[in-house]
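Here is a short briefing on the structure below.

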Amino acid sequence: MSRFSRIATRTLIAVVAVLAILYAGDYGVLRLRAAYPRFGGAYDSVHVVRLLAIPLKSGRTEYELDARQPEVTVSCVRALFPHQGYQPCWYVRRNSQKPIPMMVMIAAKT
């Protein structure tokens with residue numbers, strides 16, 4: 001093995017190990033917060049307004065509020081990574097302002 005490949009392998013192993021330790025620590029803090037709420041809540045919710053981005057034939061995009069569910073509350077975890085099926089709150093808040101892209105589908109004749 002060349003010197004470069006050994007350094008690259010060791011660097012990759014170190015990065016994976018650091019990420020695994022960070023994820024495990026994040027999960028441990030989440031479980032601690034869930035067990036002892038005095039350390040801060042483990043779960044939170046974010047209010048999201050659902051805005052749809054509908055492409056038109058002219059190439060423009062029309063924006064409309066979702067008629068079925070214009071506003072929803074999304075549950076999230078106060079952590080760095082997703083845990084227990086919930087997205088992190090920082091990620092949900094960041095993406096709550098983005099419109100939902102829609103696609104117009106035309107049924108094919110059979």
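R93 and D44 form a salt bridge, with their closest N and O atoms 3.0 Å apart. The pair links distant parts of the chain: R93 sits in helix 2 (residues 89-95), D44 in strand 1 (residues 43-49), 49 residues apart. This is a predicted model, in which local features need pLDDT of at least 70 and side-chain atom pairs count only at pLDDT 80 or more, while totals for chains, interfaces and linings use all residues. Residues are numbered from 1 along each chain as its sequence is written, and side-chain values use heavy atoms, with hydrogens and water left out.

**Salt bridges**

- A salt bridge here is a side-chain nitrogen of Lys or Arg within 4 Å of a carboxyl oxygen of Asp or Glu.
- By this rule the count is two salt bridges.
- Side chains of opposite charge can pair when their charged atoms come close.
- R93 is partly exposed, at 42% relative accessibility.
- D44 is also partly exposed, with a relative accessible area of 31%.
- For these labels, buried means under 20% relative accessible area, exposed means over 50%, and partly exposed lies in between (1.4 Å probe, protein chains only).
- R50 and D66 make a salt bridge too, at 2.9 Å from N to O.
- This pair also links distant parts of the chain, 16 residues apart: R50 is in the loop between strand 1 and strand 2 (51-55), and D66 is in the loop between strand 3 (61-65) and strand 4 (71-77).
- R50 counts as partly exposed at 25% relative accessibility, whereas D66 counts as buried at 11%.

**Surroundings of R50**

- Which residues does R50 contact, leaving aside its neighbours within four places in sequence? They are E64, L65, D66, Q69, P70, V72 and I100.
- Contact means heavy atoms within 4.5 Å.
- R50 and Q97 are 47 residues apart in sequence, yet their C-alpha atoms are 8.4 Å apart in space.

**Disulfide**

- The structure holds one disulfide, a term that stands for a pair of cysteine sulfur atoms within 2.5 Å.
- C76 and C89 form this disulfide, with sulfur atoms 2.0 Å apart.
- C76 lies in strand 4 and C89 in helix 2, so the pair ties together parts that are 13 residues apart in sequence.
- The torsion about the S-S bond of C76 and C89 is about 90°, so the disulfide is right-handed.
- C76 is buried, with a relative accessible area of 0%.
- C89 is buried as well, at 3%.

**Nonpolar patch**

- V15, L19, L22, L80, W90 and Y91 make a nonpolar surface patch of about 560 Å².
- Patches are made of residues with over 30% relative accessible area and no salt bridge; like charges are joined within 9 Å, and nonpolar side chains (Val, Leu, Ile, Met, Phe, Trp, Tyr) within 5 Å.
- Helix 1 (3-35) and helix 2 each supply at least two residues of the patch.
- Helix 1 gives the most, with three residues.
- L80 comes from the loop between strand 4 and helix 2.

**Q84**

- Q84 lies in the loop between strand 4 and helix 2.
- Its phi is near 55°, a positive value in a residue other than glycine.
- Most residues other than glycine have a negative phi.
- Q84 is partly exposed, with a relative accessible area of 36%.

**Chain as a whole**

- The protein chain has two helices and five strands.
- Helices (H or I, at least four residues) and strands (E, at least two) are DSSP runs, numbered from the N terminus.
- Along the sequence, the pattern reads α-β-β-β-β-α-β.
- The radius of gyration of the protein chain is 22 Å, well over the 13 Å that the globule rule gives for 110 residues, so the chain is more spread out than a compact globule.
- That radius is taken over C-alpha atoms, and the globule rule is 2.2 Å times the number of residues to the power 0.38.
- The C-alpha trace spans about 60 × 50 × 30 Å along its principal axes.
- Buried residues make up 16% of the 110 residues.
- Among contacts between residues at least 6 apart in sequence, 53% join residues at least 24 apart.
- The accessible surface of the protein chain is about 9000 Å², and 62% of it belongs to carbon and sulfur atoms.
- Accessible areas come from the Shrake-Rupley method with a 1.4 Å probe; for residues, only the protein chains shown count as cover.
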